[in-house]
Amino acid sequence: MSILNVMDIYRKRHPETPGYTWMRASTQTAARLDMFLVSRHLVSQVRSISILLSALSDYFGVSLQINRQNDKTHGPCYWKFNSVFLTEALFKRRITSFWLHWRYQKNRFTSLCEWWDARKARIKGICQQYGAQRQRQRHKDRVRLERSLQRAQEQMQAGDMAAVPKVVFFQNRLKQCEKENVQGAQIRSKAKWVDSGETSKKFFETIEKIEGDKNFISHLTNEGTAVSGKSDIIRTVHEFYSDLY
């Protein structure tokens with residue numbers, strides 16, 4: 001490594017931690033098989049290096065975060081109804097309660113069309129609110145499981161192989177959460193095909209990001225003048241369509 005001018009950044013940042021990246025529960029053994037070798041002139045740009053929790057494999061990932069510039073920031077995407085809500089009793093109760101009240105509000109509107117369109121907007125708001133609350137609760141549940149798993153993994157990293165069964169238990173608890181996340185990523189990525197055994201959420205998130213980047217406007221050219229930056233692009237689009245209409 002000295003010849004190549006690189007270093008094991010995890011060992012540099014965590015000299016006292018074993019940093020296992022593989023575990024075999026049946027034999028209660030663990031080893032460090034994976035690492036990042038970072039060029040020494042880039043060490044100062046490394047923000048963090050850590051071992052990732054794994055709910056689906058005996059291997060633990062290694063996360064390396066570095067400082068970057070010019071990251072793209074996207075605005076809100078188009079809203080789409082999550083059909084999974086239709087299988088959940090709480091959501092069905094909320095919609096039923098809304099409809100029992102709303103069907104008697106027709107006299108508040110000048111026409112049935114106006115009442116009907118207003119209904120769609122109200123239902124959209126209910127769905128968005130329910131989805132946000134559901135996501136927050138799912139996140140809290142997952143964080144609790146991950147913390148429990150992390151404590152068990154830390155015990156194992158410290159050499160306590162009796163913690164291995166606990167690691168396996170919490171990994172299994174997280175698998176169902178991961179499956180649901182993968183399904184959501186598959187839908188949002190608009191993947192044309194999905195293998196029956198495909199469970200890589202990162203793969204579909206990458207597709208989703210690529211699709212988002214295709215719609216990202218980094219600059220515009222208006223009458224031969226290039227503009228960039230969010231505020232300048234918005235102003236240019238507004239002025240163009242104002243003059244057009």
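**Close-ups of a predicted model**

His219 has Ser228 as its bridge partner in β8. This is a predicted model: local features need pLDDT of at least 70, side-chain atom pairs count only at pLDDT 80 or more, and totals for chains, interfaces and linings use all residues. Numbering starts from 1 along each chain as its sequence is written, and side-chain values use heavy atoms, with hydrogens and water left out.

**View 1. The β7–β8 hairpin.** Strands β7 (residues 219–222) and β8 (residues 225–228) pair in the antiparallel sense over four bridges; pairing takes at least two DSSP bridges. Strands here are DSSP E runs of at least two residues, and helices are H or I runs of at least four, numbered from the N terminus. Two residues sit between β7 and β8, and Glu223 in the turn has a positive phi of about 55°.

**View 2. Helix α2 against helix α3.** α2 (residues 89–102) and α3 (residues 112–157) pack at about 155°, axes 11 Å apart. Axes are lines fitted to C-alpha atoms, for helices over the stretch in contact, and angles run from 0 to 180 degrees between N-to-C directions. That makes α2 roughly antiparallel to α3 (over 145 degrees). Residues in the contact (heavy atoms within 4.5 Å) include Phe91 and Trp99 of α2 and Trp116 and Tyr130 of α3.

**View 3. α3 from end to end.** Gly159 follows α3, with a positive phi near 105°.

Notes:
Angles under 35 degrees count as roughly parallel, over 145 as roughly antiparallel, 65 to 115 as roughly perpendicular and the rest as oblique. The expected span of a helix is 1.5 Å times one less than its number of residues.
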